[in-house]
Amino acid sequence: MWLRTLLLVSAIGLLCAAGYRAVGLAGADQLYRSTRQAAIHEAIRLEPRRALYYAGLAELLETADGDARGAWRTAVALSPNNSDLRIRLGLRAEAAGDYHEAEYQLLAAAHLSRQFEPRWTLATYYYR
């Protein structure tokens, strides 16, 4: 009898924790979808392990003519197997004149993905 009660209490606790987590994720996602920089910073504060939020912040910083490479680097660090993020960081590094980082990121993207875009981007980088 006590084992059944313990299992029931544990299940209820896990269910409450999962519900709390889901509500937190939904709140952070709603903030991320905003176009305000402060809202995206709040979403990052709530969910600091989401590379998508840092990519959104980087895009916002770029539209405001800010240096977004720090946000792109964080996004790549959180999702190192995402070739799209590496391509974007590589292109931003090239634009900033950091050719060593640009080549490194574009080579990593081409290594991660056998698709057309990473290889084409790397080829055009070498052409330039």
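Colleague: Which residues in α5 meet which residues in α7?

Modeller: In α5 they are S83, D84, I87, L91 and E94, and in α7 they are E117, P118, T121 and Y125, where contact means heavy atoms within 4.5 Å. This is a predicted model, in which local features need pLDDT of at least 70 and side-chain atom pairs count only at pLDDT 80 or more, while totals for chains, interfaces and linings use all residues. Residues are numbered from 1 along each chain as its sequence is written, and side-chain values use heavy atoms, with hydrogens and water left out.

Colleague: Why are α5 and α7 called roughly parallel to each other?

Modeller: They pack at an angle of about 15°, with their axes 10 Å apart, and angles under 35 degrees count as roughly parallel (over 145 is roughly antiparallel, 65 to 115 roughly perpendicular, and the rest oblique). The angle of about 15° therefore places α5 and α7 in the roughly parallel class. The axes are lines fitted to C-alpha atoms, for helices over the stretch in contact, and the angles run from 0 to 180 degrees between N-to-C directions.

Colleague: Why is α5 called roughly antiparallel to α6?

Modeller: The axes of α5, residues 83–95, and α6, residues 99–112, come within 8 Å and cross at roughly 160°. That angle makes α5 roughly antiparallel to α6. The crossing of α5 with α6 is left-handed, a word used if the near helix is turned anticlockwise from the far one by less than a right angle, with right-handed for clockwise. By class, the contact of α5 with α6 has 10 nonpolar, 3 polar and 3 charged residues.

Colleague: How do you know that α3 and α4 are roughly antiparallel to each other?

Modeller: The axes of α3, residues 51–63, and α4, residues 69–78, come within 8 Å and cross at roughly 165°, and α3 and α4 are therefore roughly antiparallel. This crossing is left-handed. The contact of α3 with α4 has, by class, 9 nonpolar, 1 polar and 2 charged residues; residues of α3 including Y54, L57 and E59 meet residues of α4, among them W72 and L78.

Colleague: How many helices and strands has the chain?

Modeller: It has 7 helices and 0 strands, both being DSSP runs numbered from the N terminus, helices as H or I of at least four residues and strands as E of at least two.

Colleague: Why is E101 called buried?

Modeller: Its relative accessible area is 12%, and buried means under 20%, exposed over 50%, and partly exposed in between, with a 1.4 Å probe and protein chains only; E101 is therefore buried. E101 has its place in helix α6 and, leaving aside neighbours within four places in sequence, is in contact with R69, R73, L89 and A93.

Colleague: What makes R88 partly exposed?

Modeller: R88, which lies in helix α5, has a relative accessible area of 30% and is therefore partly exposed. Apart from neighbours within four places in sequence, R88 is in contact with E59 and W72. R88 and W72 are 16 residues apart in sequence and 7.6 Å apart in space, C-alpha to C-alpha.

Colleague: Why is the aromatic pair of F116 and W120 called stacked?

Modeller: Their rings lie 5.6 Å centre to centre, with 15° between the planes. Rings of Phe, Tyr and Trp (its six-membered ring) pair if their centres lie within 6.5 Å, and planes under 30 degrees apart count as stacked, over 60 as edge-to-face and the rest as tilted; F116 and W120 are therefore a stacked pair. Both lie in helix α7, 4 residues apart, about one turn of the helix. F116 is exposed, with a relative accessible area of 62%.

Colleague: What makes the aromatic pair of Y125 and Y126 tilted?

Modeller: Y125 and Y126 are 5.5 Å centre to centre, and the 55° between their planes makes the pair tilted. Y125 is buried, with a relative accessible area of 10%, whereas Y126 is partly exposed at 46%.

How values were computed. Ala, Val, Leu, Ile, Met, Phe, Trp, Tyr, Cys and Pro count as nonpolar, Asp, Glu, Lys and Arg as charged, and the others, Gly among them, as polar.
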